[in-house]
Amino acid sequence: MYTFKKEERLCNKRLIDKLFHNGSSFLCYPFRVSWLVNPEPQLHPAQILFSVPKRRYKHAVDRNLLKRLMREAYRLHKQQQLYNILQQSDKRVLISVGYVGKEVEPYLFIEKKMLKLLAQLGNELSAATVQVTTS
């Protein structure tokens, strides 16, 4: 339940392009989130991509540290905050989380913001479900 497997990572170039061209996005500082409901069948309810810009963080150790912290916070909270909502509505989603903060924040801050991000994403997904059913 608290795992983060290869199949949950978004690696497919075609799907990444589709996500950034057709997806919706929102800002939940220090993260920028893009998401897209994927009609294609996939193994897990969500596939996710984490990114940290090289322009802002020149050292690879800083970029890797931030990605590691983001992955850990996501891994621990994805089941309760995101997967349960997706399984109830029988949806598959592609997600991109980009770090837009100016400083390397401590883990507790990133975890708190990741919880907020997942809650906001769950709300947007349920709102998208309501719009599709009423149309």
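## About the model

This is a predicted model, in which local features need pLDDT of at least 70 and side-chain atom pairs count only at pLDDT 80 or more, while totals for chains, interfaces and linings use all residues. Residues are numbered from 1 along each chain as its sequence is written, and side-chain values use heavy atoms, with hydrogens and water left out.

## The sheet

Four strands make up an open sheet with mixed pairing, in the order β1-β2-β4-β3. Helices and strands here are DSSP runs numbered from the N terminus, a helix being H or I over at least four residues and a strand being E over at least two, and two strands pair if DSSP finds at least two bridges between them. The edge strands are β1 and β3, each of which pairs on one side only, and from one strand to the next the twist averages 20°. In general, the strands of a sheet pair through backbone hydrogen bonds, either parallel or antiparallel.

Both kinds of pairing can be followed here. Strands β1 and β2 run antiparallel and are joined by 5 bridges, and they form a hairpin with 2 residues between them. Strand β3 (residues 46–51), by contrast, runs parallel to β4 (residues 93–99), with 6 bridges joining the two; the bridge partner of F50 in β4 is V97. Between β3 and β4 the chain passes through helix α2 (residues 60–89), and this β-α-β crossover is left-handed. A crossover is called right-handed if, with the strands pointing away from the viewer, the path from the first strand over the helix to the second runs clockwise.

Although β3 is an edge strand, 5 of its 6 residues are buried, so β3 is largely enclosed by the rest of the structure. Buried means under 20% relative accessible area, exposed means over 50%, and partly exposed lies in between (1.4 Å probe, protein chains only).

Helix α1 (residues 13–22) lies across β1, β2, β3 and β4, running at about 105° to β2, whereas α2 lies across β2, β3 and β4 and runs at about 155° to β3. For these angles, axes are lines fitted to C-alpha atoms, for helices over the stretch in contact, and the angles run from 0 to 180 degrees between N-to-C directions.

## The nonpolar cores

A nonpolar core is a set of buried Ala, Val, Leu, Ile, Met, Phe, Trp, Tyr and Cys residues joined through side-chain atoms within 4.5 Å. The largest one has 30 residues, of which F31, M70, Y74, L82, I95 and M114 touch the most other members. The elements that give two or more residues to this core are β1 (24–28), β2 (31–37), β3, α2, β4 and α3 (107–134), and the largest share, 8 residues, comes from α2. Apart from this core lies another, of 7 residues, among them L10, L15, L49 and L94. In soluble globular proteins, nonpolar side chains tend to be buried together.

Leaving aside its neighbours within four places in sequence, Y74 is in contact with F4, A46, I48, F50, L82, Y83, M114 and L118.

## Cysteines and loops

The count of disulfides, each a pair of cysteine sulfur atoms within 2.5 Å, comes to 0. C28 is buried, with a relative accessible area of 3%, and its bridge partner in β2 is F31, while C11 counts as partly exposed at 46% relative accessibility.

In the loop between β1 and β2 is P30, and a cis peptide bond, with omega of about 10°, joins Y29 and P30. The loop between β2 and β3 holds L43, which is exposed with a relative accessible area of 68%. In the loop between α2 and β4 is D90, which has a positive phi of about 55° although D90 is not a glycine, and which counts as exposed at 61% relative accessibility.

Terms used:
Contact means heavy atoms within 4.5 Å.
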